[in-house]
Structure formats: structure tokens, C-alpha cells
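User: Could you walk me through the packing in this model before I set anything up?

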Amino acid sequence: MLRAAIVCAALGITERQLTSDLAAGRIFNVDINADEFYPAFFLASELDRRQLAKVVRRLDGLTGWAKWRFFTEPKASLANLTPLQALLHGEMKPVLQTADAFIARSNKLEKGKVSGTRNH
């Protein structure tokens, strides 16, 4: 996890542009002790930033930590690769399909919490 200034310097953008990317859903951050941090994988030159941004936008509505978990945890639907690894292999469509399923599960879990039901 990296602070905004480090991300801006590495990408050659201003904090204003980073804020714009955040607002547009092209990038996300997570809170750690009331400070904002950005996942280092946004700096990986091996990843297509447009593809990464498309997946981040698909995950709109989820918390930063939920998005981070999505990208970094292996998924059975991706042959036990993480979505980041699958993107490195050019597997954009399966990653987007996995994102849709992840969102559906997250929404179902949230509805269960709100209604007071238990999910097993």
C-alpha cells in the first residue's frame, strides 16, 4: 500500500489527477488508521491500466478493501489465479465475469446482514 504522493510521483500525475481518477472509479484506495493508501499494483507496468480501470469501475459500490480482496485473492473461476494474475495473462473477459459474480455474492451477503438473516 502506498501513499498518494508516491503513486503520483511514480505515475507522473498530480494529486488533482489522482483525485479525478479516484472520483471516476479508475483507481481506488483503502483506509488504514484514517489515512488513505493506494494498492501498489496500480504502478505495475505489466498491467494494462485501461483494463485495470475497467475492472475497478465494474466493482463500483464495493469498499476499497473489498476491491483489494477481489484483485488479490485466488478465484476458482480463474483457475485459482488472482484477477491480477489473470489480467497479466490477458484474461480480461473472465476477470470481468468473475467481478460480476463477486459483486452478486457481496450484495447477497449485505442483504443478509441488513435483513438479519444468517448466511451459511
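This is a predicted model: local features need pLDDT of at least 70, side-chain atom pairs count only at pLDDT 80 or more; totals for chains, interfaces and linings use all residues.

User: OK, which residues have the most contacts inside the largest nonpolar core?

Analyst: They are F41, L52, V55, L59, F70, F71 and L87, in a core of 31 residues. A nonpolar core here is a set of buried Ala, Val, Leu, Ile, Met, Phe, Trp, Tyr and Cys residues joined through side-chain atoms within 4.5 Å, where buried means under 20% relative accessible area with a 1.4 Å probe and protein chains only.

User: And which helices supply at least two residues of this core?

Analyst: α1 (4–11), α3 (49–58), α4 (64–72), α5 (83–88) and α6 (92–115) each do, and the largest share, 6 residues, comes from α6. Helices are DSSP runs (H or I, at least four residues), numbered from the N terminus.

User: What does L52 touch?

Analyst: Leaving aside residues up to four places away in sequence, L52 touches F41, F42, L47, F71, L84 and L87, with contact meaning heavy atoms within 4.5 Å.

User: Switching to α1, which of its residues are buried?

Analyst: A4, V7 and C8 are the buried ones. Seen down the axis of α1, they fall within an arc of 100°, so they line one face of the helix; the arc is that of the directions from the helix axis to the C-beta atoms. Their cover includes α2 (15–23).

User: D21, then: buried or exposed?

Analyst: D21, which lies in helix α2, is buried, with a relative accessible area of 15%. Its side chain is joined to that of Q17 by a polar contact of 2.7 Å, meaning a pair of N or O atoms within 3.5 Å, of which, within protein, one must be able to donate a hydrogen and the other to accept it, and residues adjacent in sequence count only if both atoms are side-chain atoms.

User: Last one, how many aromatic pairs are there?

Analyst: A search of the whole structure finds 8; rings of Phe, Tyr and Trp (its six-membered ring) pair if their centres lie within 6.5 Å, with planes under 30 degrees apart counted as stacked, over 60 as edge-to-face and the rest as tilted. F41 and F42 form a tilted pair, 5.0 Å centre to centre with 40° between the planes, whereas F70 and F71 are edge-to-face at 5.4 Å and 75°.

Technical notes: Residues are numbered from 1 along each chain as its sequence is written. Side-chain values use heavy atoms; hydrogens and water are left out. Buried means under 20% relative accessible area, exposed over 50%, partly exposed in between (1.4 Å probe, protein chains only).
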